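Here's a quick briefing to read alongside the model. Have the sequence and the 3D view open, and let's walk through it topic by topic.

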Amino acid sequence: MFPTALLTRKRRRPEVAFAGGHEEVKFRDVTLYLVERRMGKSRRNFLSNLARSKGFCVDDALSADVTHVVSEGNAAQELWSWLEEQGFRETHDKHVLHISWFTESMSAGRPVPVEIRHYIQNPTMDQRSCAHPSAKPESAVSPYACQRRTTIDNHNKIFTDALDVVAENLEFSGNQGSSLAFKRAASVLKSLPAGLTRLEETQCLPCLGEHSRAIIEEIFECGSSSRVEEILNDERYRTMKLFSSVFGVGPKTAENWFCRGLRTFEQVLSEPSIRLNRMQTAGFLFYEDISKPVSRTEASALKIIVEEAVICVNPSATVNITGGFRRGKEFGHDVDFIIKTPEAGQEDVILPAVIERFKSQNILLYSDLQESTFDLRQLPTRCFEAMDHFSKCFLIVKLKREQETDATAGRDWRAVRVDLVAPPLERFTYALLGWSGSTLFERDLRRFARLERGKLLDNHVLYDKATNTFLPANTEEDIFAHLGLEYIEPWQRNA
Ligand code: DCT
Ligand code: MG
């Protein structure tokens, strides 16, 4: 972590480090400086005192003693211009770090080793030399999914399936943070051009913590992970997975049913005190069909149906497939379409009209239309999980089958989940990017925009906090360019 030579070297301690109290300095080779900009004075004071109480030395000024500069919410470019103005230079023992390094160190009660993912890169530095002068040359994989190219060819499925199970189980227990850590680890492995051959190869990869490594290690040694096996056999996990596979049943409802002792669909459906909502009722009614994956061929057949309905309502409107199929997936749990309407206001009338047409064709099994609540004045928002405000609908439609199978004897169609979204024309590009996914890719794109570039991105806008302006984009390439990112094609976004 810190070379022993440094541990024995005596440093002049800045007086200010002791200003807040009489805490003993435990880590003599680390002097923190917290950047007040964006963090704010009171949070900075609070965090400084917290660090001092844990034995860290905190300098209130950016003196020559400072070894670790910690910043929160500043765009790398602005931060670095400011640091350079102050005469700060990065060397092998002077680091400029995200607040994540600080919070991890506070929870560990000691300075945790600095990893690539903690650095705030100096954008003017040669990008080819990786993240930092002290970075190992093999650490070329970015901690941000939006800086990795992830196709559907996953060479590490044995590991990523295991990590995804752990992530899902943590999500079911409400541990969103830990769940995300495992999802990130799996995502890094999905981006690798080849399968891992030795555990040591994970050492230079970002986002792989000790818990993920332990799972990978066991798979290398025994062919499977005991932690994963245990989860797969766990009654709670199995029941939560079963219940949440029903359209309209989220983790909260699934947990509620599980806690009431219910374990099967039959028990749920015969429990008199349970009142299913409209979505759940449809979910159970068409469970057999909609729990089966939709193929690319079926998605293409649906596109023709949607296109025909859209054009019938508005001949100048166009339909694009989005979601997983746009990313080149062969199967999906639904089919996502985004509709482009060239005339202002048309986006609000097109979906109700398409729904009416499906009804008249007798192919609509379920529809939930959500009218637009889009209002540019309420943007940008910082909430990732929030659904966007565009006019959209969640449908279940009948799709004609090529051949009747045994299971569907008597009917020549299968039920398929379809999502349609119709943004206003000037919001189309942001909406297309957002709906193309994957969810983790989008999440990292937003995180990268915020932490590395001081910009806010969502399905509606890209907003520059430094200039307080909305940044225009006609194509997805424009958005990547605004963010200073290499363009990643949709089929490379399977993070
Ligand atoms: N999305 C979004 N806002 C949300 C949730 C999702 O913008 N609150 C985006 C991200 C992916 C896209 O919508 C489509 O969602 P899904 O259909 O759930 O994902 P998918 O990648 O298409 O997966 P699948 O192939 O299973 O349908
Ligand atoms: Mg989808």
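A quick word on metal sites before we start: donors are N, O and S atoms within 2.8 Å of the metal (3.2 Å for Na, K and Ca), and water is not among the atoms, so sites may look incomplete. This is a predicted model, where local features need pLDDT of at least 70, side-chain atom pairs count only at pLDDT 80 or more, and totals for chains, interfaces and linings use all residues. Residues are numbered from 1 along each chain as its sequence is written, chains are lettered from A and ligands numbered from 1 in the order in which they are written, and side-chain values use heavy atoms, with hydrogens and water left out.

**The magnesium ion**
- Ligand 2 is a magnesium ion, coordinated at 2.1 Å by Asp 334 (OD) and Asp 336 (OD).
- Asp 334 and Asp 336 are both buried (buried is under 20% relative accessible area, exposed over 50%, partly exposed in between, with a 1.4 Å probe and protein chains only).

**Around ligand 1**
- The shell here has 14 residues, and the closest are Gly 324, Arg 327, Lys 329, His 333 and Asp 334; to count as near, a residue needs a heavy atom within 4 Å.
- By type, the shell splits into two nonpolar, seven polar and five charged residues. In this scheme Ala, Val, Leu, Ile, Met, Phe, Trp, Tyr, Cys and Pro are nonpolar, Asp, Glu, Lys and Arg are charged, and the others, Gly among them, are polar.
- Gly 324 puts a backbone N or O atom 2.8 Å from an oxygen atom of ligand 1.
- Arg 327 has a polar side-chain atom 2.9 Å from a ligand 1 oxygen, and for Lys 329 the side-chain figure is 2.8 Å, again to an oxygen atom of ligand 1.
- On its own ligand 1 exposes 570 Å², and the protein buries 77% of that (areas are Shrake-Rupley, with a 1.4 Å probe).
- Helix H15 (323-326) and helix H17 (428-436) are the elements that give two or more residues to this shell; helices (H or I, at least four residues) and strands (E, at least two) are DSSP runs, numbered from the N terminus.

**Cysteines**
- There are zero disulfides in the structure, a disulfide being a pair of cysteine sulfur atoms within 2.5 Å.
- Cys 207 counts as buried because its relative accessibility is 16%, while Cys 259 counts as exposed at 58%.

**Strand S1**
- Leu 32 sits in strand S1 (residues 31-34), and counts as buried at 0% relative accessibility.
- Leu 32 and Phe 337 are 305 residues apart along the chain, with 50 Å between their C-alpha atoms.

How values were computed
A polar contact is a pair of N or O atoms within 3.5 Å; within protein, one must be able to donate a hydrogen and the other to accept it, and residues adjacent in sequence count only if both atoms are side-chain atoms.
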